[in-house]
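Please look first at the sequence and the structure shown here.

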Amino acid sequence: MDNRSEIRDLMISRRARLSPQQAGLPAGGTRRVPGLRRSGVAQLAGVSLEHYTRLERGNLSGASDSVLDAVGRALRLDDAERAHLGKHPRRAILLGAVGTLAGTLLGACTGSPEDAPTAAAPATPSAAGNQSRSAPATSSSGSGKVLLAYFSRAGENYFNGGRKQLSVGNTEVVAGLIGRRIGCDVYRIEAADRYPDDYEETVARNVREQNANARPGIANPLASIERYDTILLGSPIWNVRAPMIMTTFVEQFSFNGRTIHPLTTYAMSGLGTTERDYAASCPGATIAEGLAVRGEEIAGAEPAVDAWLRRTGLLTR
Ligand SMILES: Cc1cc2nc3c(=O)[nH]c(=O)nc-3n(C[C@H](O)[C@H](O)[C@H](O)COP(=O)(O)O)c2cc1C
């Protein structure tokens, strides 16, 4: 069998063994053929259907590392499967691509619950720097003009193809890192109707909310964002976008003239469609560089978070 056929067979067979539910995608009606549609994999990987179709035909030429990384994750290829792909000329890229993000996330372990900001944030944002163990570094938020607003869900979650019980949500861990680093105000968005601890139940509820274009209620609404120039919007990725409660949040305010940095934690989809979605929901806002941290790699995220804070000018020291 030639290289192209091997790649095609591998990708098709791995797509066939994944159910939409496992992938956190809507079931999408009856389907004669088992598994995800090509469009589902493309959606999870954040590439166009046309691009994914070309890859699945065994044509990997010109595919970037990040695309191959995303496709490998979307199809949940294991090491043996990646080794099988290694017979293809793009071997180095495919094998290397799996570690693209991980490679930038080496560093100190900071993912313990005590790294998270306050468990239940008040409707008045808390100055995270004041709660930190060390004084916040000088940053553009020193003027109190930066807000980090985030949603995060602890409980059973996706973890490297399996499940893991999280006592603190991944996004909350990253929010804690950022809050301590730049001393910005931190506001945790709480759902009025709390999301279940169970992963599958949460997937099902989220699919219902997305299909209905719902606006889930917020238990601790924020009065105003008037004093902030820059807002970091943090959330997990649910079914390739931010949970609908983030839309509830952003639609309450005018972001006109403000700068938004999307911030996500994810399993496969990176920033998902957050940049597009916030641009649509927040007319007049500048959507600046976002940060996506893989949930499974949160414990080593500090260097990547730091590098991003410096790149974006949020941390100047
Ligand atoms: C309902 C649900 C849907 C998810 N869908 C996706 C997805 O489409 N793409 C992805 O990369 N990760 C997905 N994930 C994984 C989460 O984005 C990831 O575990 C994240 O770090 C969780 O953050 P949190 O602990 O702050 O809630 C999903 C998780 C849940 C619970």
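The account below begins with the basis of the model and then turns to its cores.

The structure is a predicted model, in which local features need pLDDT of at least 70, side-chain atom pairs count only at pLDDT 80 or more, and totals for chains, interfaces and linings use all residues. Residues are numbered from 1 along each chain as its sequence is written, and side-chain values use heavy atoms, with hydrogens and water left out.

A nonpolar core is here a set of buried Ala, Val, Leu, Ile, Met, Phe, Trp, Tyr and Cys residues joined through side-chain atoms within 4.5 Å. Buried means under 20% relative accessible area, exposed means over 50%, and partly exposed lies in between, with a 1.4 Å probe and protein chains only. The largest nonpolar core holds 29 residues, and those with the most contacts inside it are Met11, Leu36, Leu44, Tyr52, Leu55, Val71 and Leu75. Two or more residues each are given to this core by helix 1 (3-16), helix 3 (38-45), helix 4, helix 5 and helix 11 (199-211). Helices (H or I, at least four residues) and strands (E, at least two) are DSSP runs, numbered from the N terminus. Helix 5 supplies the largest share of this core, 5 residues. The core lies between domain 1 (3-98) and domain 2 (113-311), because both domains give residues to it; the domain bounds come from an automatic or database domain assignment. Apart from this core lies another, of 25 residues, among them Leu147, Tyr187, Leu222 and Met246.

Not counting residues up to four places away in sequence, Leu44 touches Ala23, Leu25, Leu36, Ala74, Val240, Met268 and Ser269, where contact means heavy atoms within 4.5 Å.

The ligand comes next. It is surrounded by 21 residues, the closest being Ser152, Thr171, Ile237, Thr265 and Met268; a residue counts as near if one of its heavy atoms lies within 4 Å of the molecule or strand. An oxygen atom of the ligand lies 2.9 Å from a backbone N or O atom of Ala267, and an oxygen atom of the ligand is 2.5 Å from a polar backbone atom of Met268. The side chain of Ser269 has an N or O atom 2.7 Å from a nitrogen atom of the ligand.

Phi is positive in both: near 50° for Asn239 and about 70° for Val240, which is not a glycine. Asn239 counts as buried because its relative accessibility is 11%, and Val240 counts as buried at 7%.

Ile225 is placed in the loop between helix 11 and strand 6, and its relative accessible area of 3% makes it buried. Although Ile225 and Phe253 are 28 residues apart along the chain, their C-alpha atoms are separated by 7.1 Å.

Asn59 belongs to the loop between helix 4 (49-56) and helix 5 (65-74). With 19% relative accessibility, Asn59 counts as buried. Not counting residues up to four places away in sequence, Asn59 touches Arg4 and Arg54.

Conventions
Polar contact = N/O pair within 3.5 Å; in protein donor to acceptor, adjacent residues only side chain to side chain.
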